[in-house]
Amino acid sequence: MEDKDNDNIYIYNEETDNTETQEDYKTSSLDSSGPNFSQSNSENYTHSECQKDDSPSPFRLMLKVMMQPIEGWKAVRRAFLTPERAQQGCFYPLLALLATSKFSLMLYYPTKKLPETLIDAVSSFVSFFFGYFLIVIFLKIFMPGESKKTFDSDFGKVFVIISLSTLCLFYTLADAFPMLWAVLIFLPLWTIYIICRGTRFLKFPQNKQIASTFILCLIIIGIPFALSWIFEILLPS
């Protein structure tokens with residue numbers, strides 16, 4: 001006779017991590033921060049354990065992605081973040097910080113006027129804020145084949161939010177420390193590296209892996225830059 005309790009048990013095997021489907025992000029109950037977590041053995045977890053509220057904050061998860069991309073993306077997937085929580089806990093605060101960093105330029109350049117600074121702050125905020133929504137739309141249009149369905153899932157959207165948040169942070173550092181601009185201007189390359197390291201968890205079709213990764217990097221990096229350039233032309237200085 002089958003054990004009815006088996007319906008409430010989920011099994012995670014670290015060795016089969018690359019064969020999981022997108023639905024695993026929503027249905028798996030793995031908590032990697034638990035005391036019994038093991039990379040070499042299969043563990044059983046009940047559905048109630050998935051509902052714990054002690055998961056790391058979205059901002060901490062972003063920092064982990066920046067420092068250890070593979071382990072960071074694993075932690076993001078296992079944290080069961082919703083796009084709304086990722087935005088409120090990471091993306092929106094960094095957007096506010098980016099807008100505020102524009103005013104620090106007035107300390108380095110006394111000739112820079114307040115109206116011009118306000119326009120720069122608003123332009124940067126809007127470029128990233130609306131950039132996220134455009135990125136998701138463009139990915140669903142231009143990603144090849146089945147890859148575009150990836151970004152209908154919560155993890156696909158959180159992936160975009162975390163990646164965009166790192167880019168937002170790098171632009172903030174460049175504004176806050178303009179004397180280091182020659183070095184900090186290359187920081188967006190780290191966002192590209194983070195994205196490339198994390199695409200294994202997006203489960204792109206094998207024959208579309210390279211094309212999907214290239215398009216993903218191009219859209220996430222290019223959309224905010226393009227919007228900022230457009231606002232710079234349209235808005236009076």
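Predicted model: local features only at pLDDT ≥ 70, side-chain atom pairs only at ≥ 80, totals over all residues.
**Entry 1: the nonpolar patch.** I looked up which residues form the nonpolar patch on the surface. They are Leu-107, Tyr-108, Tyr-109, Phe-177, Met-179 and Leu-180. Together they have about 650 Å² of accessible area.

**Entry 2: Met-179.** I picked one member of that patch, Met-179. I found Met-179 in the loop between α6 (154–176) and α7 (181–184). Is Met-179 buried or exposed? Its relative accessible area is 53%, so I put it down as exposed, the cut-off being over 50%.

**Entry 3: Ser-104.** Next I went to helix α4, residues 83–108, where Ser-104 sits. Ser-104 has 18% relative accessibility. Buried means under 20%, so Ser-104 counts as buried. What does Ser-104 contact, apart from neighbours within four places in sequence? I noted Asp-175 and Ala-176. I then checked the polar atoms. A polar atom of the Ser-104 side chain lies 3.5 Å from the backbone oxygen of Asp-175.

**Entry 4: Leu-114.** My last stop was helix α5, residues 114–142, which holds Leu-114. Its relative accessible area is 44%. That value falls between the 20% and 50% cut-offs, so I logged Leu-114 as partly exposed. I left aside neighbours within four places in sequence and listed the contacts of Leu-114: Phe-103 and Met-106.

Methods: Residues numbered from 1 in each chain as written. Heavy atoms only, no water. Patch = residues over 30% accessible without salt bridge, like charges linked within 9 Å, V, L, I, M, F, W, Y side chains within 5 Å. Areas by Shrake-Rupley, 256 points an atom, 1.4 Å probe, with all protein chains shown as cover. Salt bridge = Lys/Arg side-chain N within 4 Å of Asp/Glu carboxyl O. Helix = DSSP H or I, 4+ residues; strand = E, 2+ residues; numbered from the N terminus. Buried < 20%, exposed > 50% of the residue type's maximum accessible area, 1.4 Å probe, protein only. Polar contact = N/O pair within 3.5 Å; in protein donor to acceptor, adjacent residues only side chain to side chain. Contact = heavy atoms within 4.5 Å.
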